[in-house]
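Me: I am new to this one. Please show me how to read it, feature by feature.

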Amino acid sequence: MSNREIARYRRQLSLGGFGAEGQRKLLDAHVAVIGAGGLGSPALLYLAGAGVGRITLIDDDVVDLSNLHRQVIHTTDAVGEAKAESARREMLELNPSIRVDTVVERLTWDNALQVLDGADVVLDGTDNFATRHVASAACAQLRIPHVWASILGFEAQLSVFWADRGPVYEDLFPTPPPPGSVPSCSQAGVLGPLVGIIGSAMAMEALKLLTGIGEPLVGTLGYFSSLAGRWEYIPVVGDPATAEKLRADGPDTAEPPAPTEAAAVPEILVVPDGAVLIDVREPGEFTTFHIPGAVNVPLAEITGNGVVPAEITGAGQNPVVVYCAGGVRSATAVRALREAGVTGPLSLAGGIDAWLDRQS
């Protein structure tokens, strides 16, 4: 190592059991990180700061104002910029001696093997089940440890999946749940310090795997309650047949079916004057913030009880616009209303999130 590297990493070099050998392993390492959002932000900064020699960052999203309370690698000036490029700039500002490659596209069945090939560890900071399954299958075939975490409300989960040595992601979640059945951060909410804790823990798992120190969470699920401030650890036993199938087959090449015309829902981008607004989120979400003039009718009342809000039946010639957080629940509500014989309801594209963005 050069004198400058020694000066930069001396606090790590002085660690017993880590030392120069551990630092050299980091300098020679290649880590792939999927997602530069809440989990990726602290993980990327700590990996860069620790001196991981090469980091590949995969993210197809852009920085949004609502990201900034938790995605601390991005700044207000980066709003509208590709997250991968924004994160790369901040990582190199922190440590210009590392290499950061960006892939400004979504990880898919088609590109996963190529994008992740050559990585020593993969950190999965994605927020959707489909991409997690892609990452898991690719890691199994490439024989790469897969550091995974997930946030929901005030709670989080963390584990290391490794087809060669323990369970894989599919041992916990065999198949993706139906779209919209699990709330996203935009629906359930999230506090920044929670993703900071878990993203940092993901980076620590990566450093352990790269250097051989400690005991990575292979075969163990860490569950963290931020409100209690406590970790619990749950043993996970995998089915060898699951890992064997992923190793043998790799990522499935089948793409999800395209939506049929029958499943399409008419959308509208801007709420017209005089529209009847139906908010199908939960009452707690509605109370926190809503579009002025909206009426709260939770989705379950429409789909489960067949409720047609009185405001709709009395709308007359006025347009009916249904909205939720991002557009998933409102699309379901519109379908249910149409099946109930209501004509003309529209789903607000992007939901209240898009509406709020247009106000800022």
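Reply: What follows is a short walk through the sheet, some helices and a few single residues.

Me: What kind of model is this, and how are residues numbered?
Reply: This is a predicted model: local features need pLDDT of at least 70, side-chain atom pairs count only at pLDDT 80 or more, and totals for chains, interfaces and linings use all residues. Residues are numbered from 1 along each chain as its sequence is written, and side-chain values use heavy atoms, with hydrogens and water left out.

Me: How do I read a sheet, and which order do the strands take here?
Reply: Strands of a sheet pair through backbone hydrogen bonds, either parallel or antiparallel. Helices (H or I, at least four residues) and strands (E, at least two) are DSSP runs, numbered from the N terminus. Two strands pair if DSSP finds at least two bridges between them. Here an open sheet of eight strands has the order β3-β2-β1-β4-β5-β6-β7-β8, with mixed pairing. Its edge strands are β3 (99–103) and β8 (230–235), and each pairs on one side only. From one strand to the next, the twist averages 15 degrees. Angles run from 0 to 180 degrees between N-to-C directions, with axes fitted as lines to C-alpha atoms, for helices over the stretch in contact.

Me: Which strands does helix α3 touch?
Reply: Contact means heavy atoms within 4.5 Å. Helix α3 (residues 40–50) packs on the sheet and touches β1 (30–34), β2 (54–58) and β4 (121–124). The direction of α3 makes about 165 degrees with that of β2. Helix α4 (residues 83–94) also packs on the sheet, touching β2 and β3. The direction of α4 makes about 175 degrees with that of β3.

Me: How many bridges join β5 to β6?
Reply: Seven bridges join them, and the two strands run antiparallel. Val147 stands opposite Val160 in β6. β5 and β6 form a hairpin with two residues between them. In that turn, Gly153 has a positive phi of about 65 degrees.

Me: And how does β6 meet β7?
Reply: Strand β6 (residues 155–161) and strand β7 (residues 220–225) run antiparallel, joined by four bridges. Gln157 has Tyr223 as its bridge partner in β7. Glu155 stands opposite Ser225 in β7.

Me: Is β6 buried or exposed?
Reply: Buried means under 20% relative accessible area, exposed over 50%, and partly exposed in between (1.4 Å probe, protein chains only). Five of the seven residues of β6 are buried, so β6 is largely enclosed by the rest of the structure.

Me: How do I read one side of a helix, and which residues of α15 are buried?
Reply: An α-helix has 3.6 residues a turn, so residues three or four places apart point the same way. In helix α15 (residues 351–359), Gly351, Ile352, Ala354 and Trp355 are buried. They cover an arc of only 160 degrees around the axis, which puts them on the same side of α15. The arc is that of the directions from the helix axis to the C-beta atoms. The buried residues of α15 pack against β12 (320–323) and β13 (346–348).

Me: Where is Tyr323, and is Tyr323 buried or exposed?
Reply: Tyr323 is found in strand β12. Tyr323 counts as buried, at 0% relative accessibility. Beyond neighbours within four places in sequence, its contacts include Phe286, His290, Leu348 and Ile352.

Me: One last residue. What does Arg247 touch?
Reply: Arg247 lies in helix α10 (residues 240–249). Not counting residues up to four places away in sequence, Arg247 touches Ala140, Gln141, Arg143, Ala163 and Asp164. A polar contact of 3.1 Å joins the side chains of Arg247 and Asp164.

Key
A polar contact is a pair of N or O atoms within 3.5 Å; within protein, one must be able to donate a hydrogen and the other to accept it, and residues adjacent in sequence count only if both atoms are side-chain atoms.
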